[in-house]
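Me: I want to learn how to read a fold from its coordinates. Please take me through it feature by feature.

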Amino acid sequence: MKRNAFLRMLSVTCVVLASPVSGIAKIYKELREKTGYKINAGAGRFQKPINLFDGDTFYTKVSAKDTDGDLYVYESSRVKKGGPNLHLHYNQDEWWYILEGEFVIKVGDKLHRVRPGDSVFGPRGVPHAFSKVGEGVGRMLTTFQPAGKMEECFIAISEGQMKGKPEAEQDKFRKQHGFERVGPPIDILKAF
């Protein structure tokens, strides 16, 4: 009999202790954007594109701030050939959808040649890189889930925080933003 009374008291205590946490979570969820928004073609979420990587332009379509860090989506416009080093994200899945131009995307040991309408998924923890290889402008839609610190990483780079930094500092910066360099680019490295 005493055991049953103890178990009932324990379950009531757990419910009472959990109530404030679930109440706070409910209030927090209610503060999240509920109206939605439209982003025009060639525009970004905050009316200011992110410029980085040797002339690439990023237009934030869904900010990490809009989703409590659940998702980050941007469209990039790329004029010059090349791309980033082979790298991996500790906690983010990445998905690329090609809008215009031709790219090569490497995920693990597989190399994918992609054109408009093609998409590639890169799971978290798997090394990947991509490169614009076709002539003319290349455009892609890229998604990070969860967002992690990628948006703030791109903003910091666009503000020149990585320009001229030695490799050791660049590697530290990457790790602070949830990813690391694990190899060379596919072909041409786009510089900070």
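Reply: Start with strand pairing: two strands pair if DSSP finds at least two bridges between them. Helices (H or I, at least four residues) and strands (E, at least two) are DSSP runs, numbered from the N terminus. Residues are numbered from 1 along each chain as its sequence is written. This is a predicted model, so local features need pLDDT of at least 70, side-chain atom pairs count only at pLDDT 80 or more, and totals for chains, interfaces and linings use all residues, while side-chain values use heavy atoms, with hydrogens and water left out.

Me: How many helices and strands does the protein chain have?

Reply: Three helices and 11 strands. Along the sequence they run α-β-β-β-β-β-β-β-β-β-β-α-α-β.

Me: In which sense does strand 5 pair with strand 10?

Reply: Antiparallel. Strand 5 (residues 93-100) and strand 10 are joined by seven bridges. Glutamate 94 faces phenylalanine 144 of strand 10. Strand 3 (residues 72-78) also pairs with strand 10 (residues 138-145) in the antiparallel sense, again over seven bridges. There, glutamate 75 has leucine 141 as its bridge partner. As a general rule, side chains in a regular strand alternate between the two faces of the sheet.

Me: What is a nonpolar core, and which residues touch the most other members of the largest one?

Reply: A core is a set of buried Ala, Val, Leu, Ile, Met, Phe, Trp, Tyr and Cys residues joined through side-chain atoms within 4.5 Å. Buried means under 20% relative accessible area, exposed over 50%, partly exposed in between (1.4 Å probe, protein chains only). The largest core has 16 residues, and Tyr72 and Phe154 touch the most other members. Strand 1 (50-52), strand 3 and helix 2 (150-158) each supply at least two residues of this core. Helix 2 gives the most, five. A second, separate core has nine residues, among them Phe103 and Val107.

Me: Which residues of helix 2 are buried?

Reply: Met150, Glu151, Cys153, Phe154, Ala156 and Ile157. Glycine 160 follows helix 2, with a positive phi near 85°.

Me: How do I read contacts for tyrosine 72?

Reply: Contact means heavy atoms within 4.5 Å. Leave aside neighbours within four places in sequence, and the contacts of tyrosine 72 include Ile50, Val62, Phe144, Met150 and Phe154. For the protein chain, 66% of the contacts with a separation of 6 or more are between residues 24 or more positions apart.

Me: Is isoleucine 188 buried or partly exposed?

Reply: Partly exposed, because its relative accessible area is 44%. Isoleucine 188 lies in the segment after strand 11 (179-185). Beyond neighbours within four places in sequence, isoleucine 188 contacts Lys81, Gly82 and Gly83. Isoleucine 188 and serine 131 are 57 residues apart in sequence, yet 7.5 Å apart in space, C-alpha to C-alpha.

Me: What volume does the second largest pocket have?

Reply: The idea is to roll a probe the size of a water molecule over the atoms, which shows where empty space is left. Here the volume is about 200 Å³, taken as the space filled by probe spheres set on grid points joined across faces, edges and corners. On a 1 Å grid over the protein atoms alone, a pocket is an open set of points where a 1.4 Å probe fits, with protein on both sides within 12 Å along at least five of seven lines; lining residues have an atom within 4 Å of a point.

Me: Which element gives the most to that lining?

Reply: Helix 2, with three residues. The lining of the second largest pocket includes Arg45, Phe46, Lys48, Glu151 and Ile155.
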